[in-house]
Amino acid sequence: MTALMQEQALLVGTDPAYQPEHTYTYLFCDLLTDELLAELPMSGVSYSTELNGIGTLRGTIPYADETLPLDPEAASVPGRTALYVDRDGVIVWGGIVWTREPTGPGAKTIQAAEFLSYYQRRYVKQTLSTDTSLILNTAYVPDGQRLYSDQKYIVWSLLQYAHAQAGGSIGVETNALTGTAHGVSRSLSYFGFERPEIYKAISDLAAADDGFDFAIEVGWTPAANNLPPRRFKRARTWFPRRGRSASESGLVFAKGGTAGSILDYNWPENGTALATEVSGLGEGSGEAKLTATAQDADLLASGWPLLEAVTSYDGVIDPVQLQGLTNAELTARSGALSQPTFEVSADTDPQFGSYSVGDEALFVIDPEPLTPNGREGVLRIVSIENTAASGPERVRLTCAEV
């Protein structure tokens with residue numbers, strides 16, 4: 001290997017002698033005030049981020065002589081503790097501790113979920129609607145019950161409704177939801193007597209035809225005006241979608257050659273989730289039940305058989321919304337033939353942190369016995385899971401067809 005090649009290998013982490021070192025800090029904070037309670041060491045930590053979903057974390061806190069003075073018991077109470085994962089000075093994960101259990105005489109294992117999980121435990125308790133004939137207080141949320149019609153502002157309204165109640169704000173910023181509208185109007189009603197879950201309401205809205213991607217981002221603010229960086233958690237939407245196209249990202253994950261980043265992979269082909277026609281079922285009963293149908297004419301015309309799926313959407317009373325949800329389900333089902341997973345090196349180009357869920361990338365597999373002709377394709381990253389380590393890390397990517 002020439003000196004130039006050695007230098008290049010060091011830059012991308014492919015030199016066998018290259019041993020990256022990563023520093024992890026686990027910040028346990030009060031969920032309501034974000035006050036730092038303790039920095040606790042953890043072992044066996046794995047954490048994930050999901051596209052339009054809720055990533056999770058699992059790890060073990062030692063109860064030992066060096067940690068007991070930090071009071072790990074009080075600093076990790078389930079249901080009222082926020083946890084941030086700082087990797088090399090960058091917050092890469094944030095969420096809420098939900099469970100804690102002993103795993104031996106000197107340790108407890110915790111499970112946490114991203115901040116969106118909070119809204120799985122928040123519900124609409126009074127009717128909110130875009131239709132003023134259905135509500136008593138026609139002022140806009142949070143002062144009244146009226147929803148703005150644009151889907152982006154509906155998300156803002158639901159979060160503002162949740163935050164306005166006593167004890168209901170965990171410090172999630174919503175300013176990013178007040179900018180330019182998506183330009184997609186919805187006619188929606190959330191009836192208090194049905195107690196719709198706020199996370200599910202946002203998820204269903206995002207999954208509809210002409211929907212969007214959403215998340216709560218976490219990180220450090222930049223130091224400015226003699227103020228130190230502070231932690232933030234911000235609600236965001238992306239329309240029409242989150243992430244970069246493959247041409248924009250330039251991401252290439254390869255298996256084979258001297259600089260391949262793919263360590264292992266599973267690229268299955270499974271027709272069980274595939275559908276060429278989807279029926280969506282809304283509210284109602286008997287012949288009065290609200291229904292919608294979506295069919296993939298292109299797949300059927302190209303020789304695919306009629307493969308049907310049925311999905312229920314409880315509480316949906318608007319035919320336009322139901323059709324949009326059904327169309328979106330068909331899009332997901334018609335591309336469900338393959339959902340490959342890849343284990344990649346975190347320190348080989350593309351390095352961990354240079355990509356996020358929603359990004360598209362080119363995945364290339366060199367010829368090998370089970371793939372004699374090789375294989376490549378542009379896929380979208382929908383899940384990223386990392387196992388924390390001070391040295392080389394393996395990242396698991398779950399992808400979907402574009």
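## Second largest pocket

In this predicted model, the lining of the second largest pocket comprises 15 nonpolar, seven polar and five charged residues. (Ala, Val, Leu, Ile, Met, Phe, Trp, Tyr, Cys and Pro count as nonpolar, Asp, Glu, Lys and Arg as charged, and the others, Gly among them, as polar.) A pocket is an open set of points on a 1 Å grid over the protein atoms alone, with protein on both sides within 12 Å along at least five of seven lines, whereas a cavity is a set where a 1.4 Å probe fits but cannot get out; lining residues have an atom within 4 Å of a point.

The volume of the second largest pocket is about 600 Å³, a volume being the space filled by probe spheres set on grid points joined across faces, edges and corners. It is lined by 27 residues, of which Thr49, Ile91, Val92, Arg242 and Ser356 are the closest to its centre. Two or more lining residues come from each of β3 (43-50), β6 (90-102), β10 and β19, with helices (H or I, at least four residues) and strands (E, at least two) taken as DSSP runs numbered from the N terminus. The largest share is that of β6, which gives five residues.

## Largest pocket

The largest pocket has a volume of about 1,200 Å³. Its lining holds 32 residues, and Leu51, Ala328, Thr331, Ala332 and Arg380 lie closest to the centre. At least two lining residues are supplied by each of α4 (198-207), β10, α7 (319-334), β19 (375-387) and β20 (394-401). Helix α7 contributes the most, with six residues. By class, this lining divides into 15 nonpolar, seven polar and 10 charged residues.

## Cavity

The structure contains one cavity of 30 Å³ or more. Among the lining residues are Leu116, Tyr119, Ile202, Phe214 and Arg236. Elements α3 (151-163), β10 (213-220) and β11 (231-238) each provide at least two residues of this lining.

Helix α4 is largely enclosed by the rest of the structure, because seven of its 10 residues are buried (buried means under 20% relative accessible area, exposed over 50%, partly exposed in between, with a 1.4 Å probe and protein chains only). The buried residues are Ile198, Tyr199, Ala201, Ile202, Asp204, Leu205 and Ala206. They pack against α3, β9 (189-190), β10 and α7.

Glu217 is located in strand β10 and is partly exposed, at 24% relative accessibility. Beyond its neighbours within four places in sequence, Glu217 is in contact (heavy atoms within 4.5 Å) with Phe232, Lys233, Arg234, Arg236, Trp238 and Arg242. The C-alpha atoms of Glu217 and Arg234 are 5.1 Å apart, although 17 residues separate the two along the chain.

## Cysteines

The whole structure has zero disulfides, each defined as a pair of cysteine sulfur atoms within 2.5 Å. Cys29 is buried, at 0% relative accessible area, and Cys399 is likewise buried at 0%.

## Confidence and conventions

The protein chain has a mean pLDDT (the predictor's confidence in each residue, from 0 to 100) of 92, and 95% of its residues reach 70 or more. Residues 1-17 have a pLDDT below 50, and this stretch makes 16 contacts in the model beyond near neighbours in sequence. Where pLDDT is low, the predicted coordinates should not be read in detail.

Residues are numbered from 1 along each chain as its sequence is written, and side-chain values use heavy atoms, leaving out hydrogens and water. In this predicted model, local features need pLDDT of at least 70 and side-chain atom pairs count only at pLDDT 80 or more, while totals for chains, interfaces and linings use all residues.
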